[in-house]
Amino acid sequence: MWPPPGSLPWPPTTVWNACLVNCGSRCALRLHVQDGALTRVETDTTGSHDLDGPQLRACVRGRSLRRRVYNPDRLKVPMRRKAGTKRGAGEWEEISWEEALQTIADELIRVIDEYGNEAVYYQYGSGTTGGNITNTSWTRLLSLMGGYLGMYGSYSTSQITFAMPFTFGQRFESNSIGDTIHSKLVIYWGNNPVETRMSGGGNMFNAQTARKKFGTRTIVVDPRYSETALDLADEWIPIRPGTDAALVSAIAHVLITEDLVDQEFLDTYCVGYDEEHMPEGIPAGHSYKAYILGQGPDGLEKTPDWASPITGVPVAQIIRFAREIGTSKPCAIMQGWGSQRQANGENNCRSIFMLEILTGNVGIHGGGNGSREGTLRFPLARFSVDNPVETKISCFTWTDAIERGPEMTALADGVQGKDQLEVPIKLIINVAGNTLVNQHSDTNRTVKLLEDETKCEFIVVVDNHLTPSARYADILLPGTTNAEESDFISSEYSGDTTYAIMVDQAIDPLYGAMSHYDMCTELAKILGIEAEYTEGRTQEEWRSELINRTREDVPGLYTEKEFHEKGVFRVANPDGTYVANKDFREDPVANPLPTPSGKIEIFSERLWEMSRSWQLPGARGDVITALPEYVATWEGAEEARENTQYPLQCIGHHYKGRTHSSYASVDWLQEAHPQVVWINSVDAAERGIRNDDLVQVYNDRGRIELNARVTPRIMPGVLSVPQGAWYAPDRGGCRHRRLHQHAHIVAPLATVQGKPPAHEPRQHRQGLRKEIIMATQLGFLFDQTLCTGCKACQIACKDKNDLPVGVTWRRVAEYSGGTWQQDGDTFVPNVFAYYTSISCNHCENPVCVEVCPTTAMHKDENGIVTVDEDKCVGCRYCEWACPYSAPQFNPETGHMSKCDMCADYRADGQDPACVAACPSRALAWGPIDELRAEHGTLAGVEPLPDPSITRPNLVITPHRDAQPSGAGTGALANPEEL
């Protein structure tokens with residue numbers, strides 16, 4: 001622990017820490033501690049506001065850490081499922097740590113003796129992905145016991161990880177987002193970094209900064225008008241889910257027939273493009289060019305006319321898109337992982353690679369290989385050891401390995417390391433993960449499987465909270481959060497600056513919680529392998545050792561003492577920006593790819609052979625193709641158009657309020673980002689659904705109940721349910737209701753005028769205000785072009801001021817509108833959306849001050865409207881009068897409350913909490929005259945009221961689609977969140 005523990009109370013202190021969940025970013029936290037308790041969460045204030053060495057500003061999730069640490073559903077003591085009760089019934093008995101660990105040790109020994117090490121499975125989990133010691137304590141223990149059944153792939157990237165090696169020899173990332181400064185065209189294909197990686201020092205920040213500084217034309221291909229489309233895109237191309245390979249094929253047809261391919265690149269670096277560059281022994285007509293032109297076995301020419309009804313993209317748009325790709329070199333195409341998360345998703349991602357290959361953009365600045373954006377990696381010394389068991393299954397097939405393990409083979413089920421499994425999974429260790437139930441598919445089937453104790457005989461769950469997966473444990477252990485232990489970690493997807501972060505223990509473990517390392521050390525004692533496990537070190541001593549080992553590879557790395565003080569050690573890319581496959585492009589002979597040919601294999605001989613030997617289930621689309629072909633699949637877009645019972649496609653998107661299912665139980669985040677299903681306005685109207693109606697989404701596998709977000713921001717025929725909400729079934733399905741219904745909604749003043757009665761003190765307030773001599777009038781600047789609706793500002797404000805659910809001084813409104821034009825099977829959107837972050841505007845004519853009968857509401861010498869709680873009687877006249885809903889009644893104090901622009905922070909020379917928190921740097925503050933002189937005077941955009949009513953001290957840099965106040969061209973999309 002740092003500082004070293006002493007007698008309580010501790011003096012106030014601040015320590016470095018980090019958010020460790022699996023978002024792909026890795027953000028620094030500054031944890032404020034007093035008397036042994038977390039009192040506030042802040043983030044990195046070091047670094048720059050540029051692509052080189054940026055501040056690692058945490059997103060809305062990291063800012064809510066205090067609410068997660070002190071969550072009511074924290075696991076407090078070890079528990080055992082009561083004898084005779086069914087898994088999942090929620091009936092527990094408290095046991096000691098000694099009994100819990102002895103039971104686990106006995107079961108591990110029993111299962112290994114009876115079935116072998118391959119019957120033990122360490123379940124996929126990502127709650128501590130960013131950890132080092134934290135993330136690998138259990139796998140180190142199991143490996144030292146002789147190993148366990150391994151897994152390959154991930155729930156994030158299984159298809160692209162498996163497929164890309166058949167084209168490039170291994171899974172490579174593409175160029176960094178920062179490298180788009182060299183691009184003439186940027187395409188985010190099924191890729192939403194603005195929402196999935198919201199770090200103020202990672203991919204979101206890099207994408208926003210590169211776009212703002214260089215203005216490169218940007219196109220987003222996605223079924224949703226995602227935050228990346230809203231924030232960055234010049235054009236949004238909506239596409240039916242799963243039809244990406246069809247769109248690529250049609251684009252390729254245009255590129256080939258209009259001579260827009262880079263033939264020299266294809267001849268030099270590739271195998272399988274045309275008949276002249278095919279592997280020996282392959283029959284004629286199997287080249288990629290032949291497939292596209294209809295000269296292959298299917299005889300079907302992949303024209304835009306063919307692809308348009310499949311994808312929903314108009315023919316003219318496909319042709320224009322293809323020509324733009326073919327004539328805008330260098331072109332950066334970065335595919336996200338959504339395109340490959342479906343049946344036969346391997347072909348989607350292999351197809352998207354083709355656009356960079358056909359145009360010769362691989363290995364050059366401003367281009368890429370068509371994979372997801374790349375990053376530098378920090379050479380951090382690791383705590384883990386290798387698993388001696390070589391047998392692996394796909395991470396997704398663990399339920400099959402429980403149910404029919406010995407039937408699973410290499411050719412039918414993808415078993416690796418041997419031809420066939422010998423035993424089923426009999427014991428599961430589930431650590432910091434919710435895949436046991438929540439994150440796996442067909443949850444109802446999975447639950448029934450886990451309830452059967454004759455199949456998987458023993459389940460251990462280690463977690464911080466009583467998650468859906470934790471409910472199915474036989475032994476349940478309470479682990480510590482990152483605030484309660486020490487570690488040394490590195491960046492993940494950070495672009496062209498990589499870094500290491502010191503994770504210092506801020507508080508003692510709460511309740512009866514124990515760190516993973518200490519649990520495993522105690523288990524190792526029982527199992528007789530303590531010396532091998534610990535090597536004589538405590539967790540803090542291991543951290544010191546890892547820092548010292550890392551220093552051998554990183555010149556100038558901070559000492560441990562310096563890390564305690566500075567927290568973050570950054571390393572900038574010495575080459576400026578990252579370019580994937582650069583060595584191969586410069587000299588393909590000296591630097592061949594790890595494919596059999598050493599070249600890019602558009603046609604894969606390995607897949608050709610696999611298609612003849614693998615045993616596939618025979619469902620629609622379950623085929624292996626040597627070329628990246630479009631294959632219609634089960635439950636795909638074409639089936640949805642034929643299915644009268646289930647005509648809508650349902651996808652899932654990553655959500656701002658959770659990383660997968662981590663943080664899902666935090667009340668502030670549930671308030672800020674409630675679970676809703678996105679449904680297009682056209683589809684909603686056909687079903688009589690209005691915005692925020694409670695609806696059920698169902699198929700023959702189950703149903704969920706949640707509120708509807710009726711929006712133009714999703715393609716007709718498609719629903720999107722944010723993934724990761726916790727499985728909470730009842731007889732009617734899974735229900736996800738709003739945590740709190742707010743009473744204060746942003747509305748024009750006309751809707752609330754007349755509520756406060758006339759009274760004498762109003763004149764008194766006017767006279768008092770005139771007596772104040774303003775030192776300067778302060779105000780806020782809001783850059784709408786950068787706001788992504790993440791609400792880090794909102795959560796930082798609540799954390800700083802200890803605001804309960806229902807009291808939110810800073811809020812974020814979403815305003816959207818527009819229409820869709822349908823032409824047969826295609827759709828053309830004309831939609832808009834943007835966000836507005838709003839708090840008190842400390843107006844020139846503050847009606848809240850005018851109507852206050854006790855003079856509690858007043859302006860100070862900086863023009864800041866504040867509340868004197870000694871005078872406030874909680875009458876709420878100010879709340880009713882304010883058109884911005886800035887004053888809010890706090891039921892915990894019985895008084896009105898509101899933003900005072902963080903007077904204490906300003907007095908200390910700091911930014912207000914909301915300003916310092918914004919990962920996008922969309923908020924600023926200062927003398928309003930100076931802000932207006934530099935940024936203009938705009939303060940009135942929908943859904944805000946006419947600024948002439950109160951003359952707010954606010955300046956807005958408008959979004960490209962911002963509508964003027966009172967225009968009425970759209971609607972407030974999230975009224976219940978405000």
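Residues 1-9 of this predicted model keep a pLDDT (the predictor's confidence in each residue, from 0 to 100) under 50, yet the model gives them 16 contacts (heavy atoms within 4.5 Å) beyond four places in sequence. Residues 740-772 also fall below 50, with 65 contacts beyond near neighbours in sequence. As for the chain overall, its mean pLDDT is 93, and 94% of residues reach 70 or more.

On to the aromatics: the structure holds 29 aromatic pairs, counting Phe, Tyr and Trp rings (for Trp, the six-membered one) with centres within 6.5 Å; planes under 30 degrees apart are stacked, over 60 edge-to-face, and the rest tilted. One of them, Y225 with W236, is tilted, at 5.2 Å centre to centre and 50° between the planes. Y225 sits in the loop between β9 (218-221) and α8 (227-232) and W236 in strand β10 (residues 235-237), so this pair ties together parts 11 residues apart in sequence. Helices (H or I, at least four residues) and strands (E, at least two) are DSSP runs, numbered from the N terminus. Both Y225 and W236 are buried, that is, under 20% relative accessible area, with exposed being over 50% and partly exposed in between (1.4 Å probe, protein chains only).

W306 and Y630 pair edge-to-face, 6.1 Å centre to centre with 75° between the planes. Ring pairs also link F378, F488, Y558, F563 and F569 into a cluster.

Residue numbers run from 1 along each chain as its sequence is written. Local features need pLDDT of at least 70 and side-chain atom pairs 80 or more, whereas totals for chains, interfaces and linings use all residues, and side-chain values use heavy atoms, leaving out hydrogens and water.
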